[in-house]
Amino acid sequence: MLNQIKTAGKYLDQPLLVGKFSKAVPATLAGLSAVYTIHETKKAPEGKKKKTAINTAIVLGATSLAALAAPKIAAKAVHRPYEKVDLEKIKKVNTQLVEDFLKNNNVSEKTQQIMEKAKTKVLNLKEIGFLSKDIGKTENGKKFLDSFVPEPQNISSKEIVKDMGRLSVLGALPVAGGIAGGIAADVALDRPHWKKKVPNKIKEGIYQYLANIFLCNVGAAGALGIMEAAKVKSKSSRALAMIGGILVTGVFGGSSIANFISRKFINPIFDGKKSHDKCCCKNNCKNKHKDDRKPELLDICLHSDDIATVAVMSGLKWIEPALPILYTISGYRAGIGYRNGDKRQSHHQ
């Protein structure tokens, strides 16, 4: 079972496969946005379909652009090099690795065929498994496989902080893009009332960022830091610790913290002090938390990007290109100002 998992990891982490996935992300994001815009338009009442289509397209467009720009900006923010995907360069490296290995090692005909393919194409799961069994037990074969698909590395405490910072910036930009797109759509479609809709966008943005992105990153990084300080090298133990950290800070605590910030700081700014005072009675007033954002099934699903965070911090490469797509969901929800505790605003209005 462990060998199968390791083989699957090797398959998914092939630089050429990761590179092709990275290249496909913009088109994938555009396609998914188009499908969702059509879906929302069909759902909208008659007479509001055009407005819904334009609103959804603007918000998703702004969110997607911010999400696609985020990896480069996030790398700069933590002073990390950002290398644009170059598939031809990857093929050249693979070709050199294969030729060097075949020059100095005798292999079976099937292995040679697979390795010739590996120069310029992605190997399938069976081919990776065959190479692991056929040459993976020899010292030279293991070195080749580790060069062809580098093993995940345990990162240092300094790198943990950088990764947390980078991933947090990576998640913040789609949310900011969604809010900007939502405001732009409201100005274009509902100019007299656009200002009234800004508070809910900011509240939802804060909720999405804190509950579904930032605090989960803090929990994962904190747990990883503890593991690193304790000199725990086991990748599975470190991954489980990160998931535990995410559960504590993000899934369980994130919603409460985000709602607390909205009540204490955002509501007074936008609703005015008098309105805020009504909800700050010392007794457990029923209306005190009426506008709180409640976690929903989709919010739980959004924590799939936290598993992606665990994967990235664990050194796995294949999941990272998907992060802009996952974070776009949070950005879109911020852009439409979704508040399930407050039914007064809808993006279809």
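Reader: How many residues does helix H2 have, and what span is expected at 1.5 Å a residue?

Author: H2 (residues 15-43) has 29 residues, and 42 Å is expected. The expected span is 1.5 Å times one less than the number of residues. From first C-alpha to last, H2 reaches 41 Å, close to that value. Helices here are DSSP runs of H or I, at least four residues, numbered from the N terminus. This is a predicted model: local features need pLDDT of at least 70, and side-chain atom pairs count only at pLDDT 80 or more. Residues are numbered from 1 along each chain, and side-chain values use heavy atoms, without hydrogens or water.

Reader: Where in H2 does the kink lie?

Author: At Val 25, shortly before the proline Pro 26. The kink is about 40°. That bend is the angle between axes fitted to the seven residues ending there and the seven starting there. Val 25 is also one of the buried residues of H2.

Reader: Why are H5 and H6 called oblique?

Author: Helix H5 (residues 109-118) and helix H6 (residues 125-134) pack at about 130°. Angles under 35 degrees count as roughly parallel, over 145 as roughly antiparallel, 65 to 115 as roughly perpendicular, and the rest as oblique. H5 and H6 are therefore oblique. The contact (heavy atoms within 4.5 Å) includes Ile 114 of H5 and Phe 130 of H6.

Reader: What makes Glu 116 partly exposed?

Author: Glu 116, in H5, has a relative accessible area of 34%. Buried means under 20%, exposed over 50%, partly exposed in between (1.4 Å probe, protein chains only). Glu 116 is therefore partly exposed.

Terms used. Helices (H or I, at least four residues) and strands (E, at least two) are DSSP runs, numbered from the N terminus. Axes are lines fitted to C-alpha atoms, for helices over the stretch in contact, and angles run from 0 to 180 degrees between N-to-C directions.
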